[in-house]
Amino acid sequence: MTGKHRQPNVLITGAAGHLGRHIALRLAPSVAGLALSDIDSDRLADTAGWIAAGKTERTRSAGECDTTDRPDEAPSGAAPVITIAADVTDETTARAAVNEARERLGGLDVLINAHGMEGPTGPVGTLDPSAVRQTFDVNVMSLFWLCGAAAEIFKVTGGGRIVNMASGAGLAGGAFTGVYHASKHAVVGLTRSLALELGPSRIVVNAVCPGFVESPMVDRIVSSLGNLDLPTEYAHMVPLGRYADPDEVAETVRYLACEAPEYMTGTCLVLDGGLRA
């Protein structure tokens, strides 16, 4: 989808997760059709149900940093939604999910890879090899299968968009969180490489690099660092004095998926409240 006016058909992976759900709810009013994929079929159905019920999460403005989010009615015209339960770490399953989305939606214009995991935290000499491999299977290897399948579709249809969920962790190091940081560095590298490779086919590839986000994943990371007698509160390090609202991340993804100019490709948009300014 390279034009400015036609609403796209979109596939979102990790749509049962915290950020994935926010992204799905944010995109629903802006797209023609929405395919939601996740390994957790029950939570995936919940996300689809929220959209079908016309609900979304309220965006918190800069002047409302301490308010509590509440569900509000979404704008009218939310897209039709389909769900695809899939383990995207399996190459065959991942490719099949992309093709199923295209078939059931009647076309595919945008792939949003919103799935991911934090992986193990701890000294490098104590890491469980199976946990390290699983993290790379989820965060990195799956992107090769998903992006590859989407690229083949987009080449035939004249272009498309891929948005990868990277992280501020992909732009710097992190003591005791090297597995997560290394995997997100790989996402950044893959995003930039695919932008070069697929640009001639009018396929744009970008990533979002959030910093600290109000989310269960960040809570788990911080808690695991606390187990190592490290700090558990980082908001004071952020110039804006708070973590990102997940809806702010979702809006950035929506922009890249639906509004960003075609000439923007290979970009990793940083959303960290000035942490790395």
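In the predicted model, Ser 37 is in contact with Leu 11, Ile 12, Thr 13, Gly 14, Ala 15, Leu 44, Ile 84, Ala 86 and Ala 97, leaving aside its neighbours within four places in sequence. Ser 37 belongs to strand E2, which spans residues 33-38. Its relative accessibility is 2%. Ser 37 therefore counts as buried, the cut-off being under 20%.

The protein as a whole has seven helices and nine strands. Of its 277 residues, 49% count as buried. The exposed surface comes to about 12,300 Å². Carbon and sulfur atoms supply 54% of that area. Among contacts with a separation of 6 or more, 71% join residues 24 or more positions apart.

The crossing is right-handed. On the H1 side, the contact involves His 18, Leu 19, His 22, Ile 23, Arg 26 and Leu 27. On the H7 side, the partners are Pro 246, Asp 247, Val 249, Ala 250, Glu 251, Val 253, Arg 254 and Ala 257. By class, the residues of this contact are eight nonpolar, two polar and four charged.

Helices H3 and H4 form another pair. Their packing angle is about 35°, with the axes 8 Å apart. This crossing, too, is right-handed. H3 contributes Glu 91, Ala 94, Arg 95, Val 98, Asn 99 and Arg 102. H4 contributes Trp 145, Leu 146, Gly 148, Ala 149, Ala 150 and Ile 153. Seven of the residues in the contact of H3 with H4 are nonpolar, two are polar and three are charged.

Asn 99 lies in helix H3. At 28% relative accessibility, Asn 99 is partly exposed. Arg 102 and Ala 150 are 48 residues apart in sequence, and their C-alpha atoms are 9.1 Å apart. Not counting residues up to four places away in sequence, Arg 102 touches Gly 107, Leu 108 and Ile 153.

H4 also packs against H5. H4 covers residues 129-157 and H5 covers residues 178-198. The angle between them is about 15°, and the axes are 9 Å apart. H4 and H5 are therefore roughly parallel to each other, since the angle falls under 35 degrees. Their crossing is right-handed. From H4, the contact draws on Val 132, Thr 135, Phe 136, Asn 139, Val 140, Leu 143, Phe 144, Cys 147, Ala 151 and Lys 155. From H5, it draws on Val 179, Tyr 180, Ala 182, Ser 183, Lys 184, Ala 186, Val 187, Leu 190, Leu 194 and Leu 198. The residues of this contact comprise 15 nonpolar, three polar and two charged.

Two loop residues show positive phi values. Phe 176 has a phi of about 70°, although it is not a glycine. Phe 176 sits in the loop between strand E7 (160-165) and H5. Its relative accessible area is 35%, so Phe 176 is partly exposed. Arg 202 has a phi near 60°, again a positive value in a residue other than glycine. Arg 202 is placed in the loop between H5 and strand E8 (203-210). Arg 202 counts as partly exposed, at 39% relative accessibility.

Methods. Residues numbered from 1 in each chain as written. Predicted model: local features only at pLDDT ≥ 70, side-chain atom pairs only at ≥ 80, totals over all residues. Heavy atoms only, no water. Axes fitted to C-alpha atoms, helices over the stretch in contact; angles between N-to-C directions. Helix = DSSP H or I, 4+ residues; strand = E, 2+ residues; numbered from the N terminus. Parallel < 35°, antiparallel > 145°, perpendicular 65-115°, else oblique. Left-handed = near helix turned anticlockwise from the far one by under 90°. Contact = heavy atoms within 4.5 Å. Nonpolar A, V, L, I, M, F, W, Y, C, P; charged D, E, K, R; others polar. Buried < 20%, exposed > 50% of the residue type's maximum accessible area, 1.4 Å probe, protein only. Areas by Shrake-Rupley, 256 points an atom, 1.4 Å probe, with all protein chains shown as cover.
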